[in-house]
Amino acid sequence: MSVNIETRVVDRGNDEYVDDAWRLKENIREADGVLRQRRGFFRNAYRRSTVYLYLDRSSDRLVGFAAVRRDGYILFLAVNDDYRGHGFGKRLVARVAEDYGSVTCHARSTNEGALGFYKHIGFEIRRRIDNYYEDGGDAYYLKLGDDSITDKLSKFLRG
């Protein structure tokens, strides 16, 4: 696969790429049964966030994105299935970690793929929250550990 990756940051209040992000999120929902949100909720949250994106200009596709609140909380993190396993998720989290003192998120307690990914890059489960999601699903609240993981992720970005 030939790739020409471009990094973009969409500032709060801007909805550039929101439709592409919605389609990517919906593709993941259909394939994996996770990332279930109403479209209005998603669009609203996207507009209130700083969004970090990777775009493949050779195929004009959204590779992945992270939508982040002002406090470093990752509202959405998604990577296109065709690009998984190439470090794009790690790079997105590393970029968030560079810009925020603390990085946190929630993950559905049954989303083993997400939980494995977050643990692998240094997130720690801080607590379980029953009935967190609109459909009654439980979640874990995760925080990026303080054991110099930001340094490790920064090295990953450079190397």
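Tutor: Angles under 35 degrees count as roughly parallel, over 145 as roughly antiparallel, 65 to 115 as roughly perpendicular and the rest as oblique. Axes are lines fitted to C-alpha atoms, for helices over the stretch in contact, and angles run from 0 to 180 degrees between N-to-C directions. This is a predicted model, in which local features need pLDDT of at least 70 and side-chain atom pairs count only at pLDDT 80 or more, while totals for chains, interfaces and linings use all residues. Residues are numbered from 1 along each chain as its sequence is written, and side-chain values use heavy atoms, with hydrogens and water left out.

Student: At what angle do helix 1 and helix 2 pack?

Tutor: Two packed helices are described by the angle between their axes and the distance between the axes. Here helix 1 (residues 18-32) and helix 2 (residues 39-47), both DSSP runs of H or I with at least four residues, pack at about 130 degrees with axes 11 Å apart, and they are therefore oblique to each other. Contact (heavy atoms within 4.5 Å) involves V18, D19, A21, W22 and K25 of helix 1 and R39, F42, R43 and Y46 of helix 2.

Student: Which residues touch the most other members of the largest nonpolar core?

Tutor: Such a core is a set of buried Ala, Val, Leu, Ile, Met, Phe, Trp, Tyr and Cys residues joined through side-chain atoms within 4.5 Å, buried meaning under 20% relative accessible area with a 1.4 Å probe, protein chains only. Among its 26 residues they are I74, V96, Y118, F123 and L142. Helix 3 gives the most to this core, with 5 residues.

Conventions
Buried means under 20% relative accessible area, exposed over 50%, partly exposed in between (1.4 Å probe, protein chains only). Helices (H or I, at least four residues) and strands (E, at least two) are DSSP runs, numbered from the N terminus.
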